[in-house]
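Let's take a walk through this model, one chain at a time. Have the coordinates open so that you can follow along.

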Amino acid sequence: MSGYSRQGVGLSAFQNRNKLTSSYASHGAALQSSQSTSLTTQISVFQSLLHSFAVQHGEDIKNNPSFRAEFARMCNAIGVDPLAGSNLTGKKGRSWWNSVMGEKGDDFEVRISMRVVEECQATRGQNGGLLSVKDCKDRLAKGHDIGGGIKVTEEDIIKAVETLKPLGSGFSIVTIGHKRMIRSVPKELNPDQSIVLGVIQDLGYVTASILEDNLGWEAARTYTVLEDLLTDSLVWLSEKRLGNGKLEENEYWSPTGLEGYDDE
Amino acid sequence: MGNTSSTPKISAQDRAILDMKLQRDKLQKYQKRISILTDRETQIAKECLARDQKAKALLALRRKKYQESLLAKTDAQLEQLQRLTSDVEFAAVQKDVMYGLQQGTAVLKQIHAEMGGIEKVERLLEENAEARAYQKEITDMLGGGQLSNQDEDEVEDELEAMERELLAPEQRVLLPNVPVTEVDTTVSSEQLSVRERAKAREARRVEEELLAA
Amino acid sequence: MSQSAPPADAVVFPKSHSFPPFWTIQRVPATRQTQFKHWSNTIQLYCRTLKIWRMNLSDHLSSPLFHNYKLDRWLELEEAQMILEWMASEEGSKRAEWVNESSSGKAGDLAGRTTAWIYWRRPEEWADVIMDWIDSTGQKGSVVTIHEITQGEATTSQEFHGMDPDILEKTLQILIKRGKAQIFGASGEQGVKFF
């Protein structure tokens, strides 16, 4: 949908946001809208409680799936994302989940799970919480070694995601087009979104015309799905200006394969 | 940031070291710029030789030598200053340091004057009245004892080396074939060089007289 | 502009630089945040490689940094300003600082802001780097000239060689505050003593 007006990007965008809320767009929607300090205080109180709980019961959480599920439900209930990195004390840049489990988990599997969580976290900003299994495998291979010189396979990663499911943070494997993807936010993709993401896989991008011409969708339908995908950070917008100032049709790109960046 | 009032942490020795290092910084800067000039002067000397203008070539080399000697002088002064300023018994040598700094400044001023410009250096290649006036100017300046005897000898050696380079390759190759015994070679080459030097000096004196006319 | 500045094509741009959407300022806040982070890293990389300490945006609009000729995509001045404004903020980890004030003097008004220092190292970080150099060369307690720190032959292999004088000033001020240095001497001929 063309008509992106530059005035729309106001400098309010640069207001200092509470790091907690900005790191988890969709799930924290309610939190985002409310800037009240009392709410943030409550959350941090709950978080530190959860933290101490996790430290105390780390072994149980790690070893007992049903206990883990309970714990995950507890986090969910107060709208806290145990995977968001900036929450609490713990190793700099890693979520407390990592720092609790990472210390205790000697397991190959646990370590993979932790690395998968890290990679999803690191790339969430640019892919909206949808990372292909293959990309995850590549990133794992590049990063610090799992240990034992073992090469992590795609099946290992899929298994790891299964163990993360009870966390309730939306970890699941979804198939988009012909690729298996790791979903790390709870919001499910509706069928239209999955279709569009599938189409993007082939070209790298998609335009409204492509959807309308090839799928027979009406303008309203393509507009809705594309806006949704944009809002969820699942696609990025590309506007190309021609020499005469005119706009070509907007392109919607999938951000897969982009390099991550080091958090400050 | 012009905090010149003395604070307990900054001593007279510190200030002397700063002055010495400021001179060193200047020298480093000047060295870079002078080397551009001296490169050009070497080239000009070669060109003049190729045109069979030996006097001009010699002049260019002598100018270069002068500039290099200024740099060497400052280098030596700075080295000495460096030793003095790091002397633990600074108070004892402070007067010497002050004198050394004064000397250094004087020489740096001379170097600065040399950086006047590459256009002037180019004038040597010209044939007009301006060029001749410039040549006289340098000759006068250098005639005032600016170059030591050793310097003058080294300049002539450099000129000779350049002349040899100008010779056609075949002629150069011939030289080693001359059959002379070791002892003989030594004696005769010594005599040769003395004679050649005298010849060159004589030729130079004559040409300078001509220029002055 | 140091004599040792590498050629412009020495910069190896990251993948994001060839990703078309990166040349469109994203509307969605979360996505834009990520985009600006990438841009910040790229600008820092560009300046670090080419030893650019202060960047006049207008000078670089047609450089490979802000104009990807292969992709035929570029940033307008206002867009580059937006990114730098973000870099100068807390969110952007203060990786840039405007040199000149805006024409109106009002906060947030980008109209006159075209030149910024780019801190691929912030002055606090430079302070540490310089102290390390002083330590490792045994120069604690000795006097150095301001000039030789960034222009001397002894520092040509150091990262801070050729540093913008204003950034050096900020760095030294930090060291003075930390009690690690003292400046003295006449203006233009100053020396520093490190403790």
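Chain C has six helices and eight strands, where helices (H or I, at least four residues) and strands (E, at least two) are DSSP runs numbered from the N terminus. Follow the sequence of chain C and you read α-β-α-β-β-α-β-β-α-β-α-α-β-β.

A word on the ground rules: this is a predicted model, in which local features need pLDDT of at least 70 and side-chain atom pairs count only at pLDDT 80 or more, while totals for chains, interfaces and linings use all residues. Residues are numbered from 1 along each chain as its sequence is written, with chains lettered from A and ligands numbered from 1 in the order in which they are written.

Staying with chain C, 36% of its 195 residues count as buried, that is, with 20 or more other C-beta atoms within 10 Å of their own, the C-beta atoms being placed from the backbone. Take the contacts in chain C between residues at least 6 apart in sequence, and 55% of them join residues at least 24 apart; a contact here is a pair of residues whose C-beta atoms, placed from the backbone, lie within 7 Å.

Now over to the neighbour. Chain B puts 14 residues in contact with 16 of chain C. On the chain B side, those residues come out as five nonpolar, five polar and four charged (Ala, Val, Leu, Ile, Met, Phe, Trp, Tyr, Cys and Pro are nonpolar, Asp, Glu, Lys and Arg charged, and the others, Gly among them, polar).

Within chain B, look at H1 (residues 12–50) and H6 (residues 149–166), which pack at about 55 degrees with axes 10 Å apart. Axes are lines fitted to C-alpha atoms, for helices over the stretch in contact, and angles run from 0 to 180 degrees between N-to-C directions. H1(B) and H6(B) are therefore oblique to each other, since angles under 35 degrees count as roughly parallel, over 145 as roughly antiparallel, 65 to 115 as roughly perpendicular and the rest as oblique. Where do they meet? Ala45(B), Lys46(B), Leu49(B) and Ala50(B) of H1(B) touch Met162(B), Glu163(B) and Leu166(B) of H6(B). That contact is made of five nonpolar, no polar and two charged residues.

Finally, chain A holds an open, antiparallel sheet of three strands in the order S1-S3-S2; strands pair if DSSP finds at least two bridges between them. S1(A) and S3(A) (residues 179–183) pair over three bridges, and Leu131(A) has Ile182(A) as its bridge partner in S3(A). Helix H8 (residues 133–142) of chain A lies across S1 and S3, at about 75 degrees to S1(A).

Note on methods: Two residues are in contact if their C-beta atoms, placed from the backbone, lie within 7 Å. A residue is buried if 20 or more other C-beta atoms lie within 10 Å of its own, exposed if 12 or fewer, and partly exposed in between; C-beta atoms are placed from the backbone.
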